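Subject: Structure handover

Hello,

Here is the structure I promised you. Please open it and keep it beside you while you read.

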Amino acid sequence: MNETDLLRQCVLYFKNNRGFKRVFEKMKEKYKSLGAIGGTIVLTGLSVQEQEALTGFLKKDYTKQKSASIKVENFEKALDKTRFAGLNLEDILKEYFHEELVSNKEKANIYKQRREDFFKKIIDAFEGTLAGDWVRHVLQTRENAYITFIKRYDMDENRLKEDIHIVCIALNNLPCLTDQKKRLAMFASEISKNPHIFDEGTECGQLLQYAIMYRFNAVKPQNAEEKAELFYKAGILVDEISNYTVCCGLKGYIGGQIHPGWEGYYTIGEPMQVSLANLSKLDAITSPIGKVFVFENPAVFSTVLDQLSCMYPPLICTYGQVKLASLVLLDMLAKQGTTIYYSGDFDPEGLLIADKLKKRYGSQLILWRYHPKDYEAVRSNKKISACSIKKLENIQDEQLRQLGQCLKEQGDAGYQEALIDVLIEDIYIILEKQK
(Lines give C-alpha, C1' and ligand atoms only; values in the text may rest on other atoms or scores of the structure.)
Protein backbone atom coordinates (compact mmCIF):
# COMPACT_ATOMS: atom_id res chain seq x y z
CA MET A 1 0.00 0.00 0.00
CA ASN A 2 1.43 3.35 -0.94
CA GLU A 3 1.72 6.24 1.52
CA THR A 4 -1.20 8.20 -0.01
CA ASP A 5 -3.62 5.31 0.43
CA LEU A 6 -2.34 4.68 3.96
CA LEU A 7 -2.88 8.36 4.82
CA ARG A 8 -6.47 8.21 3.56
CA GLN A 9 -7.18 5.05 5.58
CA CYS A 10 -5.69 6.69 8.67
CA VAL A 11 -7.91 9.77 8.32
CA LEU A 12 -10.92 7.57 7.66
CA TYR A 13 -10.18 5.60 10.81
CA PHE A 14 -10.09 8.72 13.00
CA LYS A 15 -13.15 10.29 11.32
CA ASN A 16 -15.22 7.17 11.77
CA ASN A 17 -14.54 7.26 15.51
CA ARG A 18 -16.38 10.30 16.99
CA GLY A 19 -14.24 9.96 20.10
CA PHE A 20 -11.33 11.60 18.23
CA LYS A 21 -13.24 14.60 16.81
CA ARG A 22 -12.37 17.05 19.61
CA VAL A 23 -8.82 15.70 19.81
CA PHE A 24 -8.17 16.71 16.22
CA GLU A 25 -9.89 20.08 16.60
CA LYS A 26 -7.73 20.82 19.65
CA MET A 27 -4.55 19.75 17.83
CA LYS A 28 -5.46 22.06 14.96
CA GLU A 29 -5.96 24.97 17.39
CA LYS A 30 -2.62 24.19 19.03
CA TYR A 31 -0.91 24.18 15.65
CA LYS A 32 -2.37 27.58 14.84
CA SER A 33 -1.11 29.07 18.08
CA LEU A 34 2.37 27.43 17.99
CA GLY A 35 2.96 27.31 14.26
CA ALA A 36 4.09 23.68 14.58
CA ILE A 37 2.97 20.25 15.81
CA GLY A 38 3.42 20.11 19.59
CA GLY A 39 2.23 21.34 22.93
CA THR A 40 -0.47 19.92 25.15
CA ILE A 41 -4.20 19.76 24.49
CA VAL A 42 -6.85 19.69 27.21
CA LEU A 43 -10.28 18.09 26.92
CA THR A 44 -12.94 18.69 29.56
CA GLY A 45 -16.29 16.97 30.01
CA LEU A 46 -15.15 13.76 28.32
CA SER A 47 -17.92 11.76 26.69
CA VAL A 48 -18.03 7.94 26.90
CA GLN A 49 -16.94 7.76 23.25
CA GLU A 50 -13.92 9.96 23.98
CA GLN A 51 -12.98 7.98 27.09
CA GLU A 52 -13.03 4.71 25.15
CA ALA A 53 -11.19 6.14 22.12
CA LEU A 54 -8.38 7.65 24.21
CA THR A 55 -8.07 4.51 26.38
CA GLY A 56 -7.71 2.26 23.36
CA PHE A 57 -5.34 4.53 21.41
CA LEU A 58 -3.06 5.87 24.18
CA LYS A 59 -3.11 2.62 26.22
CA LYS A 60 -4.07 4.50 29.37
CA ASP A 61 -7.32 4.20 31.33
CA TYR A 62 -9.49 7.31 30.76
CA THR A 63 -12.81 5.59 31.52
CA LYS A 64 -13.11 7.17 34.96
CA GLN A 65 -11.74 10.60 34.01
CA LYS A 66 -13.86 13.69 33.29
CA SER A 67 -10.98 15.52 31.62
CA ALA A 68 -7.73 14.71 29.86
CA SER A 69 -4.45 16.52 29.33
CA ILE A 70 -2.62 15.02 26.36
CA LYS A 71 0.81 15.87 25.02
CA VAL A 72 0.71 15.93 21.22
CA GLU A 73 4.12 14.24 21.34
CA ASN A 74 2.55 11.24 23.14
CA PHE A 75 -0.21 11.09 20.53
CA GLU A 76 2.48 10.85 17.82
CA LYS A 77 4.28 8.07 19.71
CA ALA A 78 1.02 6.15 20.06
CA LEU A 79 0.42 6.59 16.31
CA ASP A 80 3.80 4.98 15.55
CA LYS A 81 2.66 1.84 17.41
CA THR A 82 -0.25 1.35 15.01
CA ARG A 83 -0.43 0.24 11.38
CA PHE A 84 -0.19 3.94 10.49
CA ALA A 85 3.37 4.19 11.79
CA GLY A 86 5.59 6.49 9.76
CA LEU A 87 2.83 8.90 8.77
CA ASN A 88 3.39 12.56 9.57
CA LEU A 89 0.85 13.97 12.03
CA GLU A 90 0.86 17.32 10.22
CA ASP A 91 -0.09 15.56 6.96
CA ILE A 92 -2.84 13.68 8.80
CA LEU A 93 -4.28 16.97 10.15
CA LYS A 94 -4.22 18.56 6.69
CA GLU A 95 -6.05 15.58 5.18
CA TYR A 96 -8.48 15.40 8.10
CA PHE A 97 -9.58 19.04 7.68
CA HIS A 98 -9.00 19.22 3.89
CA GLU A 99 -7.00 22.43 4.26
CA GLU A 100 -3.47 23.74 4.61
CA LEU A 101 -2.50 24.35 8.20
CA VAL A 102 -1.58 27.98 8.77
CA SER A 103 -0.49 29.34 12.13
CA ASN A 104 -2.15 32.43 13.56
CA LYS A 105 1.13 34.33 13.23
CA GLU A 106 1.58 33.27 9.63
CA LYS A 107 -2.05 34.10 8.90
CA ALA A 108 -1.59 37.55 10.44
CA ASN A 109 1.56 38.14 8.36
CA ILE A 110 -0.23 37.10 5.18
CA TYR A 111 -3.15 39.41 6.02
CA LYS A 112 -0.81 42.30 6.82
CA GLN A 113 1.19 41.88 3.62
CA ARG A 114 -1.93 41.63 1.50
CA ARG A 115 -3.37 44.76 3.10
CA GLU A 116 -0.12 46.67 2.59
CA ASP A 117 -0.07 45.66 -1.07
CA PHE A 118 -3.69 46.80 -1.41
CA PHE A 119 -3.01 50.32 -0.16
CA LYS A 120 0.38 50.55 -1.93
CA LYS A 121 -1.36 50.07 -5.27
CA ILE A 122 -3.68 52.98 -4.45
CA ILE A 123 -0.77 55.19 -3.37
CA ASP A 124 1.15 54.29 -6.55
CA ALA A 125 -1.91 55.18 -8.67
CA PHE A 126 -1.93 58.69 -7.17
CA GLU A 127 1.80 59.12 -6.59
CA GLY A 128 2.96 62.74 -6.57
CA THR A 129 -0.52 64.14 -5.90
CA LEU A 130 -2.31 65.48 -2.84
CA ALA A 131 -4.45 62.33 -2.80
CA GLY A 132 -1.44 60.02 -2.80
CA ASP A 133 0.08 62.01 0.06
CA TRP A 134 -3.20 61.72 1.99
CA VAL A 135 -3.45 57.94 1.72
CA ARG A 136 0.23 57.56 2.64
CA HIS A 137 -0.24 59.88 5.64
CA VAL A 138 -3.23 57.86 6.86
CA LEU A 139 -1.31 54.57 6.70
CA GLN A 140 1.90 55.94 8.24
CA THR A 141 0.36 57.89 11.12
CA ARG A 142 -2.66 55.63 11.71
CA GLU A 143 -4.71 58.80 12.10
CA ASN A 144 -7.40 60.59 10.11
CA ALA A 145 -9.32 57.89 8.16
CA TYR A 146 -7.17 54.94 9.34
CA ILE A 147 -9.81 53.17 11.43
CA THR A 148 -12.36 53.60 8.63
CA PHE A 149 -9.85 52.26 6.08
CA ILE A 150 -9.11 49.12 8.09
CA LYS A 151 -12.72 48.37 9.05
CA ARG A 152 -13.93 48.77 5.50
CA TYR A 153 -11.00 46.77 4.10
CA ASP A 154 -12.02 43.84 6.31
CA MET A 155 -15.66 44.16 5.23
CA ASP A 156 -15.29 44.68 1.48
CA GLU A 157 -11.92 45.62 0.03
CA ASN A 158 -13.22 45.96 -3.54
CA ARG A 159 -15.87 48.49 -2.54
CA LEU A 160 -13.30 50.37 -0.45
CA LYS A 161 -10.93 50.53 -3.42
CA GLU A 162 -13.64 52.08 -5.59
CA ASP A 163 -14.56 54.63 -2.93
CA ILE A 164 -10.96 55.66 -2.18
CA HIS A 165 -10.30 56.14 -5.89
CA ILE A 166 -13.35 58.41 -6.18
CA VAL A 167 -12.35 60.43 -3.12
CA CYS A 168 -8.75 60.72 -4.33
CA ILE A 169 -9.95 62.15 -7.63
CA ALA A 170 -12.17 64.55 -5.69
CA LEU A 171 -9.31 65.64 -3.43
CA ASN A 172 -7.06 66.36 -6.40
CA ASN A 173 -9.82 68.45 -7.98
CA LEU A 174 -11.20 70.43 -5.04
CA PRO A 175 -12.78 73.69 -6.27
CA CYS A 176 -10.57 75.72 -3.90
CA LEU A 177 -7.48 74.62 -5.88
CA THR A 178 -8.72 76.76 -8.77
CA ASP A 179 -10.35 79.47 -6.61
CA GLN A 180 -13.86 78.22 -7.38
CA LYS A 181 -16.99 77.48 -5.39
CA LYS A 182 -19.23 74.55 -6.32
CA ARG A 183 -22.35 73.05 -4.82
CA LEU A 184 -21.76 69.62 -3.28
CA ALA A 185 -24.17 67.82 -5.61
CA MET A 186 -22.68 69.41 -8.73
CA PHE A 187 -19.13 68.63 -7.59
CA ALA A 188 -20.12 65.03 -6.84
CA SER A 189 -21.72 64.68 -10.26
CA GLU A 190 -18.57 65.96 -11.98
CA ILE A 191 -16.38 63.50 -10.08
CA SER A 192 -18.52 60.36 -10.23
CA LYS A 193 -21.67 61.11 -12.26
CA ASN A 194 -23.58 60.46 -9.01
CA PRO A 195 -24.76 63.75 -7.41
CA HIS A 196 -25.44 62.01 -4.09
CA ILE A 197 -22.22 60.09 -3.65
CA PHE A 198 -20.84 62.59 -1.12
CA ASP A 199 -24.12 63.17 0.73
CA GLU A 200 -24.29 63.14 4.53
CA GLY A 201 -24.11 59.59 5.86
CA THR A 202 -22.59 58.03 2.74
CA GLU A 203 -19.28 56.15 2.91
CA CYS A 204 -17.70 58.34 0.22
CA GLY A 205 -18.98 61.43 2.01
CA GLN A 206 -17.24 60.32 5.20
CA LEU A 207 -13.97 59.65 3.37
CA LEU A 208 -14.14 62.99 1.56
CA GLN A 209 -14.46 64.76 4.92
CA TYR A 210 -11.30 63.02 6.14
CA ALA A 211 -9.50 63.95 2.93
CA ILE A 212 -10.45 67.62 3.27
CA MET A 213 -9.40 67.53 6.94
CA TYR A 214 -5.96 66.41 5.75
CA ARG A 215 -5.80 69.18 3.12
CA PHE A 216 -6.44 71.87 5.73
CA ASN A 217 -4.83 70.14 8.72
CA ALA A 218 -8.19 70.39 10.49
CA VAL A 219 -9.76 68.41 13.32
CA LYS A 220 -12.94 66.43 12.79
CA PRO A 221 -16.05 68.70 12.70
CA GLN A 222 -18.24 68.33 15.78
CA ASN A 223 -21.47 69.49 14.16
CA ALA A 224 -23.10 70.35 10.83
CA GLU A 225 -21.99 73.98 11.04
CA GLU A 226 -18.33 73.07 11.49
CA LYS A 227 -18.57 70.59 8.62
CA ALA A 228 -20.10 73.25 6.37
CA GLU A 229 -17.21 75.57 7.24
CA LEU A 230 -14.61 72.89 6.48
CA PHE A 231 -16.18 72.09 3.10
CA TYR A 232 -16.49 75.81 2.32
CA LYS A 233 -12.72 76.14 2.71
CA ALA A 234 -12.44 73.42 0.09
CA GLY A 235 -14.72 75.43 -2.20
CA ILE A 236 -17.71 73.15 -1.67
CA LEU A 237 -21.11 74.57 -0.72
CA VAL A 238 -22.98 72.11 1.49
CA ASP A 239 -26.04 74.19 2.45
CA GLU A 240 -25.81 77.48 0.63
CA ILE A 241 -29.47 78.59 0.80
CA SER A 242 -30.67 77.96 4.38
CA ASN A 243 -27.29 79.03 5.76
CA TYR A 244 -27.70 82.80 5.98
CA THR A 245 -26.95 85.91 7.97
CA VAL A 246 -28.56 89.35 8.26
CA CYS A 247 -26.74 92.65 7.83
CA CYS A 248 -27.11 96.27 6.83
CA GLY A 249 -24.88 99.25 6.11
CA LEU A 250 -22.31 97.14 4.24
CA LYS A 251 -21.22 97.11 0.60
CA GLY A 252 -20.53 93.99 -1.48
CA TYR A 253 -18.32 94.01 -4.58
CA ILE A 254 -17.99 91.75 -7.59
CA GLY A 255 -15.52 92.27 -10.40
CA GLY A 256 -14.33 95.48 -8.77
CA GLN A 257 -17.81 97.02 -8.94
CA ILE A 258 -20.36 97.36 -6.16
CA HIS A 259 -23.02 94.68 -6.37
CA PRO A 260 -26.32 96.35 -7.43
CA GLY A 261 -28.35 94.40 -4.88
CA TRP A 262 -26.07 95.35 -2.00
CA GLU A 263 -25.97 98.95 -3.23
CA GLY A 264 -29.77 99.10 -3.26
CA TYR A 265 -30.16 97.87 0.32
CA TYR A 266 -27.35 100.16 1.47
CA THR A 267 -28.96 103.18 -0.19
CA ILE A 268 -32.34 102.67 1.49
CA GLY A 269 -30.76 101.67 4.80
CA GLU A 270 -32.66 98.39 5.14
CA PRO A 271 -31.35 95.05 6.40
CA MET A 272 -30.77 92.22 3.96
CA GLN A 273 -30.74 88.47 4.44
CA VAL A 274 -27.63 87.08 2.79
CA SER A 275 -27.15 83.38 2.06
CA LEU A 276 -23.91 81.50 1.65
CA ALA A 277 -24.69 81.30 -2.06
CA ASN A 278 -24.87 85.11 -2.25
CA LEU A 279 -21.61 85.53 -0.37
CA SER A 280 -19.75 82.99 -2.48
CA LYS A 281 -20.23 85.18 -5.57
CA LEU A 282 -18.66 88.29 -4.04
CA ASP A 283 -15.04 89.35 -4.26
CA ALA A 284 -15.10 91.68 -1.26
CA ILE A 285 -17.33 93.24 1.39
CA THR A 286 -16.55 96.53 3.10
CA SER A 287 -17.84 98.77 5.85
CA PRO A 288 -17.78 102.43 4.80
CA ILE A 289 -16.54 103.43 8.27
CA GLY A 290 -14.06 100.55 8.68
CA LYS A 291 -16.07 99.18 11.61
CA VAL A 292 -18.98 96.77 12.02
CA PHE A 293 -21.25 96.11 15.03
CA VAL A 294 -22.26 92.48 15.53
CA PHE A 295 -25.18 91.34 17.69
CA GLU A 296 -26.11 87.87 18.86
CA ASN A 297 -29.76 88.79 19.39
CA PRO A 298 -32.11 89.70 16.47
CA ALA A 299 -34.33 91.88 18.69
CA VAL A 300 -31.34 93.99 19.70
CA PHE A 301 -30.19 94.21 16.07
CA SER A 302 -33.63 95.43 14.95
CA THR A 303 -34.00 97.95 17.76
CA VAL A 304 -30.55 99.43 17.13
CA LEU A 305 -31.31 99.73 13.42
CA ASP A 306 -34.68 101.40 14.12
CA GLN A 307 -33.05 103.99 16.36
CA LEU A 308 -30.07 104.75 14.09
CA SER A 309 -31.41 104.04 10.59
CA CYS A 310 -30.77 107.60 9.42
CA MET A 311 -27.04 107.12 10.14
CA TYR A 312 -26.73 103.91 8.04
CA PRO A 313 -24.97 101.91 10.75
CA PRO A 314 -22.99 98.84 9.62
CA LEU A 315 -24.62 95.99 11.54
CA ILE A 316 -24.68 92.18 11.53
CA CYS A 317 -26.98 89.77 13.38
CA THR A 318 -25.67 86.24 14.00
CA TYR A 319 -28.83 84.76 15.56
CA GLY A 320 -27.09 83.11 18.52
CA GLN A 321 -24.75 80.35 17.41
CA VAL A 322 -22.69 81.79 14.57
CA LYS A 323 -23.58 80.19 11.24
CA LEU A 324 -21.05 79.74 8.46
CA ALA A 325 -22.63 82.57 6.47
CA SER A 326 -21.90 84.99 9.35
CA LEU A 327 -18.32 83.73 9.59
CA VAL A 328 -17.76 84.12 5.85
CA LEU A 329 -19.16 87.65 6.01
CA LEU A 330 -16.93 88.53 8.97
CA ASP A 331 -13.92 86.91 7.29
CA MET A 332 -14.39 89.09 4.23
CA LEU A 333 -14.72 92.20 6.38
CA ALA A 334 -11.66 91.23 8.43
CA LYS A 335 -9.71 90.81 5.21
CA GLN A 336 -10.43 94.48 4.49
CA GLY A 337 -9.05 95.45 7.89
CA THR A 338 -12.47 96.12 9.44
CA THR A 339 -12.69 96.44 13.23
CA ILE A 340 -15.38 94.11 14.59
CA TYR A 341 -17.39 95.07 17.69
CA TYR A 342 -19.14 92.03 19.14
CA SER A 343 -21.90 92.07 21.75
CA GLY A 344 -23.68 89.02 23.16
CA ASP A 345 -25.44 87.57 26.17
CA PHE A 346 -23.87 87.07 29.59
CA ASP A 347 -24.36 83.34 29.94
CA PRO A 348 -21.90 80.47 29.38
CA GLU A 349 -23.16 79.79 25.85
CA GLY A 350 -22.92 83.47 24.94
CA LEU A 351 -19.40 83.78 26.33
CA LEU A 352 -18.28 80.70 24.41
CA ILE A 353 -19.54 82.26 21.17
CA ALA A 354 -17.61 85.43 21.95
CA ASP A 355 -14.52 83.36 22.82
CA LYS A 356 -14.71 81.51 19.50
CA LEU A 357 -14.90 84.78 17.57
CA LYS A 358 -12.10 86.38 19.58
CA LYS A 359 -9.86 83.42 18.85
CA ARG A 360 -10.69 83.66 15.13
CA TYR A 361 -10.23 87.42 14.67
CA GLY A 362 -7.80 88.31 17.43
CA SER A 363 -7.08 92.01 17.85
CA GLN A 364 -9.50 92.90 15.04
CA LEU A 365 -12.41 91.92 17.30
CA ILE A 366 -13.37 94.11 20.25
CA LEU A 367 -15.32 92.41 23.03
CA TRP A 368 -17.92 95.13 23.28
CA ARG A 369 -19.44 95.76 26.70
CA TYR A 370 -17.94 92.63 28.24
CA HIS A 371 -16.84 94.24 31.50
CA PRO A 372 -17.99 92.90 34.90
CA LYS A 373 -19.77 96.21 35.54
CA ASP A 374 -21.77 95.69 32.33
CA TYR A 375 -22.77 92.27 33.58
CA GLU A 376 -23.80 93.65 36.97
CA ALA A 377 -25.92 96.30 35.26
CA VAL A 378 -27.98 93.73 33.37
CA ARG A 379 -27.84 90.69 35.66
CA SER A 380 -31.20 88.93 35.71
CA ASN A 381 -32.73 86.58 38.26
CA LYS A 382 -32.45 83.60 35.91
CA LYS A 383 -30.15 81.02 37.47
CA ILE A 384 -27.53 79.29 35.35
CA SER A 385 -27.59 75.51 35.61
CA ALA A 386 -24.59 73.64 36.99
CA CYS A 387 -24.21 71.86 33.65
CA SER A 388 -24.06 75.19 31.84
CA ILE A 389 -21.66 76.71 34.37
CA LYS A 390 -19.20 73.90 33.67
CA LYS A 391 -18.92 75.08 30.06
CA LEU A 392 -17.10 78.19 31.31
CA GLU A 393 -14.02 76.02 31.84
CA ASN A 394 -13.57 75.90 28.05
CA ILE A 395 -13.13 79.67 27.66
CA GLN A 396 -9.60 80.73 26.63
CA ASP A 397 -9.66 84.53 26.40
CA GLU A 398 -8.52 86.10 29.67
CA GLN A 399 -11.07 88.95 29.64
CA LEU A 400 -13.89 86.46 29.11
CA ARG A 401 -12.48 84.13 31.75
CA GLN A 402 -12.68 86.96 34.30
CA LEU A 403 -16.26 87.64 33.28
CA GLY A 404 -16.96 83.92 33.50
CA GLN A 405 -15.74 83.96 37.09
CA CYS A 406 -18.33 86.64 37.86
CA LEU A 407 -21.03 84.41 36.39
CA LYS A 408 -19.84 81.52 38.57
CA GLU A 409 -19.91 83.66 41.69
CA GLN A 410 -23.31 85.26 41.03
CA GLY A 411 -24.94 82.31 39.30
CA ASP A 412 -27.24 84.54 37.23
CA ALA A 413 -27.43 85.15 33.49
CA GLY A 414 -27.50 88.57 31.86
CA TYR A 415 -28.91 89.49 28.47
CA GLN A 416 -27.89 92.08 25.92
CA GLU A 417 -31.48 93.36 25.53
CA ALA A 418 -30.90 95.23 28.80
CA LEU A 419 -27.84 96.91 27.26
CA ILE A 420 -29.65 98.37 24.25
CA ASP A 421 -29.48 101.98 25.40
CA VAL A 422 -25.73 101.97 26.03
CA LEU A 423 -25.06 100.00 22.83
CA ILE A 424 -26.99 102.55 20.79
CA GLU A 425 -25.10 105.36 22.53
CA ASP A 426 -21.75 103.71 21.77
CA ILE A 427 -22.61 103.35 18.08
CA TYR A 428 -23.96 106.89 17.88
CA ILE A 429 -20.73 108.34 19.30
CA ILE A 430 -18.59 106.30 16.91
CA LEU A 431 -20.69 107.27 13.87
CA GLU A 432 -20.60 110.95 14.84
CA LYS A 433 -16.81 110.85 15.03
CA GLN A 434 -16.69 109.35 11.53
CA LYS A 435 -18.47 112.34 10.00
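Below is what was found, from the whole chain down to single residues.

Please note that this is a predicted model.

**Overall shape**

The protein has 20 helices and 15 strands. Its radius of gyration is 36 Å, well over the 22 Å that the globule rule gives for 435 residues, so the protein is more spread out than a compact globule. The C-alpha atoms fill a box of roughly 115 × 55 × 30 Å.

**Surface and charge**

Of the 435 residues, 45% are buried.

How many positive and negative side chains are there? The protein has 59 positive and 59 negative ones. The centres of the two sets lie 6 Å apart.

**The cores**

The largest nonpolar core has 69 residues. Trp262 and Phe295 have the most contacts inside this core. Helix α15, residues 324–335, gives the largest share of the core, with 9 residues. There is also a second, separate core of 39 residues. Among its members are Ala145, Phe149, Leu160 and Leu207.

**Helix α3**

Next, find helix α3, which covers residues 48–58. Its buried residues are Glu50, Gln51, Ala53, Leu54, Phe57 and Leu58. What do they pack against? Their partners are the helices α1 (3–16), α2 (21–34) and α4 (72–79), plus the strands β1 (40–44) and β2 (67–71). Lys59 follows α3, and the phi of Lys59 is positive, near 55°.

Asn144 is not a glycine, yet its phi is positive, at about 60°. It sits in the loop between α7 (130–141) and α8 (146–172). Its relative accessibility is 22%, so Asn144 counts as partly exposed.

Arg369 is not a glycine either, and its phi is also positive, at about 60°. Look for Arg369 in the loop between β13 (365–367) and α17 (372–378). Arg369 counts as partly exposed because its relative accessibility is 26%.

Start with Gly235. It lies in the loop between α11 (224–233) and β4 (236–237). Is Gly235 buried or exposed? Its relative accessibility is 0%, so Gly235 counts as buried. Leave aside residues up to four places away in sequence, and Gly235 touches Pro175, Cys176, Gln180, Lys181 and Lys182. Gly235 and Glu95 are 140 residues apart in sequence, and their C-alpha atoms are 61 Å apart in space.

Then go to Ser192. It lies in helix α9, residues 184–192. Ser192 counts as partly exposed because its relative accessibility is 23%. Again leaving aside residues up to four places away in sequence, Ser192 touches Ile166 and Ile197. Ser192 and Glu95 are 97 residues apart in sequence, with 49 Å between their C-alpha atoms.

Best wishes

Definitions and conventions
Residues are numbered from 1 along each chain as its sequence is written. This is a predicted model: local features need pLDDT of at least 70, side-chain atom pairs count only at pLDDT 80 or more; totals for chains, interfaces and linings use all residues. Side-chain values use heavy atoms; hydrogens and water are left out. Helices (H or I, at least four residues) and strands (E, at least two) are DSSP runs, numbered from the N terminus. Buried means under 20% relative accessible area, exposed over 50%, partly exposed in between (1.4 Å probe, protein chains only). Contact means heavy atoms within 4.5 Å. A nonpolar core is a set of buried Ala, Val, Leu, Ile, Met, Phe, Trp, Tyr and Cys residues joined through side-chain atoms within 4.5 Å. The radius of gyration is taken over C-alpha atoms; the globule rule is 2.2 Å times the number of residues to the power 0.38. Lys and Arg count as positive and Asp and Glu as negative; His and the chain ends are not counted. The place of a charge is taken as NZ of Lys, CZ of Arg, CG of Asp or CD of Glu.
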